[in-house]
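Work through the exercises below with the structure open. Try each task before reading its solution.

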Amino acid sequence: MSVDWTPVERAAFEARRKSRNRALGLVLGALVMLFFGITIVKMAPEFANSKLLQGEQPVVPSDHKS
Amino acid sequence: MNRPTVPFSVDTAPVATFAEWRDYFALLKPRVMTLVIFTALCSMFAAPGTIHPFLGFTAILCVAVAAGASGALNQWYEADIDALMKRTANRPLPMGKIELHEALAFGVALAVGSVAIMGLATNWVAAFWLAVSVLYYVVVYTVWLKRRTPQNIVIGGAAGAFPVIVGWAAVTGDTSLLPWLLFSIIFLWTPPHFWALALFMEADYSKAGVPMLPVTHGSANTRRQILAYSALLVPVSIAPTLLGLTGWIYGGAAAFLGAIFMVLAFQVFRSRAEVAAEMIVEKKLFKFSLVYLAALFGALVVDRWVMV
């Protein structure tokens with residue numbers, strides 16, 4: 001850290017660093033949410049079977065049948 | 001190439017030069033991202049089939065981030081000429097707020113991450129075309145051709161056109177004639193759009209030594225080429241309807257908007273203005289070209305919904 005900085009400059013630097021760290025934290029949090037969401041959607045049986053997109057019936061696991 | 005050297009170290013730098021999160025955001029060229037997001041979104045809506053809304057959101061996010069990564073890598077490579085142009089001199093790299101190696105790492109990380117997430121969330125066809133779009137913009141356009149040929153904008157136009165292919169592939173898992181026609185529309189739209197801008201920004205490009213068409217071949221040649229590309233753009237924009245791929249809502253909009261585009265292109269062709277302040281029709285064409293693309297793709301979405 002510079003010894004040349006005035007207290008005002010140092011405070012400004014620390015404020016900028018804090019804003020960057022907050023932004024990075026938000027991005028990482030958003031990434032976690034994104035992967036969680038993708039996993040949930042992909043694990044759902046109706047979307048796990050991509051043939052559903054072509055209009056076919058989803059494959060339902062046997063233990064789901066009554 | 002003369003790159004700006006890093007003018008400071010952490011210990012001695014003026015406080016104002018340390019990057020905020022906004023500076024990293026500016027590296028992504030958010031204004032360019034808007035167009036890319038819009039065209040990719042329209043393509044997804046127009047594509048046959050369905051996609052889970054969350055995966056659709058993820059796909060658009062990946063397209064936006066990949067476009068941002070391309071912008072960051074473009075700024076990393078062009079920091080030297082950005083410093084020379086008034087329009088770009090206040091970007092984070094020429095200002096010394098972000099170091100070159102930071103911008104490179106930022107761009108590469110975003111590009112790789114967005115392609116990987118696209119592949120995992122949707123399919124690898126969409127991820128492939130997303131990777132192609134980044135590589136094309138950075139390697140073919142920015143590094144290879146931008147400083148070597150006055151046709152740089154024509155070639156670069158393809159980079160901005162890839163998101164429609166990506167958006168379509170994210171929904172369908174493949175590509176067909178309609179997305180490639182949409183690709184062609186953006187490809188042919190880019191030269192008149194950017195050359196209209198280059199006509200009234202010629203002094204800036206000249207100063208930076210970028211071989212834009214008005215700098216290398218003069219304004220008369222540029223005006224001719226604007227007219228020629230516009231004349232190609234209009235029939236291609238109507239082609240989806242003529243080939244039965246879209247209905248007449250889109251076809252009517254394409255014909256109407258195309259007629260206005262041609263009138264303005266013809267006015268630019270006829271204009272003899274040489275000073276930026278007198279280039280009224282050139283500015284008008286530039287602004288209308290943005291409205292044109294937005295309205296055309298908006299009409300496509302409405303048309304496909306009505307057809308369904």
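The model is predicted.

**Exercise 1. Describe how helix 3 of chain B packs against helix 6 of chain B.**

Solution. 
- Step 1: take the geometry. Helix 3 and helix 6 (residues 124–145) of chain B pack at an angle of about 15°, and their axes are 10 Å apart.
- Step 2: classify the angle. Angles under 35 degrees count as roughly parallel, so helix 3 of chain B is roughly parallel to helix 6 of chain B.
- Step 3: The crossing of helix 3 of chain B with helix 6 of chain B is right-handed.
- Step 4: find the residues. Helix 3 of chain B contributes residues including Ala59(B), Cys62(B) and Tyr77(B), and helix 6 of chain B contributes residues including Ala126(B), Leu130(B) and Val143(B).
- Step 5: sort them. The contact of helix 3 with helix 6 of chain B has 13 nonpolar, 4 polar and no charged residues.

**Exercise 2. Is Arg87(B) buried or exposed?**

Solution. 
- Step 1: locate Arg87(B). Its place is the loop between helix 4 (79–82) and helix 5 of chain B.
- Step 2: count. Arg87(B) has 12 other C-beta atoms within 10 Å.
- Step 3: apply the cut-off. A residue with 12 or fewer is exposed, so Arg87(B) is exposed.
- Step 4: check its partners. Leaving aside neighbours within four places in sequence, Arg87(B) is in contact with Met201(B) and Asp204(B).

**Exercise 3. Which residues of chain B touch chain A, by class?**

Solution. 
- Step 1: count. Chain B gives 15 residues to the contact and chain A gives 15 residues.
- Step 2: find the largest share. Helix 3 of chain B supplies it, with 3 residues.
- Step 3: classify. The side of chain B that touches chain A has 8 nonpolar, 5 polar and 2 charged residues.

Conventions. Residues are numbered from 1 along each chain as its sequence is written. Chains are lettered from A and ligands numbered from 1 in the order in which they are written. This is a predicted model: local features need pLDDT of at least 70, side-chain atom pairs count only at pLDDT 80 or more; totals for chains, interfaces and linings use all residues. Two residues are in contact if their C-beta atoms, placed from the backbone, lie within 7 Å. Helices (H or I, at least four residues) and strands (E, at least two) are DSSP runs, numbered from the N terminus. Ala, Val, Leu, Ile, Met, Phe, Trp, Tyr, Cys and Pro count as nonpolar, Asp, Glu, Lys and Arg as charged, and the others, Gly among them, as polar. Axes are lines fitted to C-alpha atoms, for helices over the stretch in contact, and angles run from 0 to 180 degrees between N-to-C directions. Angles under 35 degrees count as roughly parallel, over 145 as roughly antiparallel, 65 to 115 as roughly perpendicular and the rest as oblique. A crossing is left-handed if the near helix is turned anticlockwise from the far one by less than a right angle, and right-handed if clockwise. A residue is buried if 20 or more other C-beta atoms lie within 10 Å of its own, exposed if 12 or fewer, and partly exposed in between; C-beta atoms are placed from the backbone.
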